[in-house]
Amino acid sequence: MTKVIINSQETSLKVAPETPVLWALRDALGLTGTKYGCGIAQCGACTVHLNGQAIRSCVTPISAADGKKLTTIEGLQTDPIGKLVQETWIEHDVAQCGYCQSGQVMSATALLKSKKNPSDKEIADAMSGNICRCGTYQRIRAAIKAAAKKLA
């Protein structure tokens, strides 16, 4: 049994230790905000936070999260920076098809938690592992900059 604090709630999971975090969240807990994209940690659609760090949940075994804190897109509403990122995403009409957006928001939130006023290069570096098939990269960067200004 794996014990994880998911979105601030201690949770016990009866899944095989090698089960990817993504499937533990989606199948065992019904937290479907985290998306399956490529399955090989290349697109970032499955991004969640493990102890505050952005990780790719499709390749991370749930055993790696044992005793740690996992935050999903559903948990960002109680996180001041995560909530701010979500609000700026809406203000800038970032989402197009929306499929990659939960991963994008999770990566942007992790960036702003570690760097309150990131440069363009820091934004590009932090977001480089998140692919958007619709090409909303300019709106993503604008939303991150707007959120950073609000944090200043």
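Mentor: Rings of Phe, Tyr and Trp count as a pair if their centres lie within 6.5 Å. In this predicted model, a search of the whole structure finds one aromatic pair. The partners are W23 and Y36.

Trainee: What makes W23 and Y36 an aromatic pair, and why is the pair called tilted?

Mentor: The ring centres are 5.3 Å apart, and the limit is 6.5 Å, so the rings pair.

Trainee: Which parts of the chain does the pair link?

Mentor: The pair links distant parts of the chain, 13 residues apart. W23 belongs to helix α1 (residues 21-28), whereas Y36 is in the loop between α1 and β3 (47-50).

Trainee: Why is W23 called partly exposed?

Mentor: W23 has a relative accessible area of 30%. Buried means under 20% and exposed means over 50%, so W23 falls in between.

Trainee: How do you know which class Y36 belongs to?

Mentor: Y36 has a relative accessible area of 37%. That value also lies between the cut-offs of 20% and 50%, so Y36 is partly exposed.

Trainee: Which residues make the nonpolar surface patch?

Mentor: W23, Y36 and Y99 make a patch of about 280 Å².

Trainee: What lines the largest pocket?

Mentor: The largest pocket, with a volume of about 230 Å³, is lined by 14 residues. S8, K69, L70, T71 and D79 lie nearest its centre. Strand β5 (residues 69-71) gives the largest share of the lining, three residues.

Conventions: Residues are numbered from 1 along each chain as its sequence is written. This is a predicted model: local features need pLDDT of at least 70, side-chain atom pairs count only at pLDDT 80 or more; totals for chains, interfaces and linings use all residues. Side-chain values use heavy atoms; hydrogens and water are left out. Rings of Phe, Tyr and Trp (its six-membered ring) pair if their centres lie within 6.5 Å; planes under 30 degrees apart count as stacked, over 60 as edge-to-face and the rest as tilted. Helices (H or I, at least four residues) and strands (E, at least two) are DSSP runs, numbered from the N terminus. Buried means under 20% relative accessible area, exposed over 50%, partly exposed in between (1.4 Å probe, protein chains only). Patches are made of residues with over 30% relative accessible area and no salt bridge: like charges are joined within 9 Å, nonpolar side chains (Val, Leu, Ile, Met, Phe, Trp, Tyr) within 5 Å. Accessible areas come from the Shrake-Rupley method with a 1.4 Å probe; for residues, only the protein chains shown count as cover. A salt bridge is a side-chain nitrogen of Lys or Arg within 4 Å of a carboxyl oxygen of Asp or Glu. On a 1 Å grid over the protein atoms alone, a cavity is a set of points where a 1.4 Å probe fits but cannot get out, and a pocket is an open set with protein on both sides within 12 Å along at least five of seven lines; lining residues have an atom within 4 Å of a point. Grid points are joined across faces, edges and corners, and a volume is the space filled by probe spheres set on the points.
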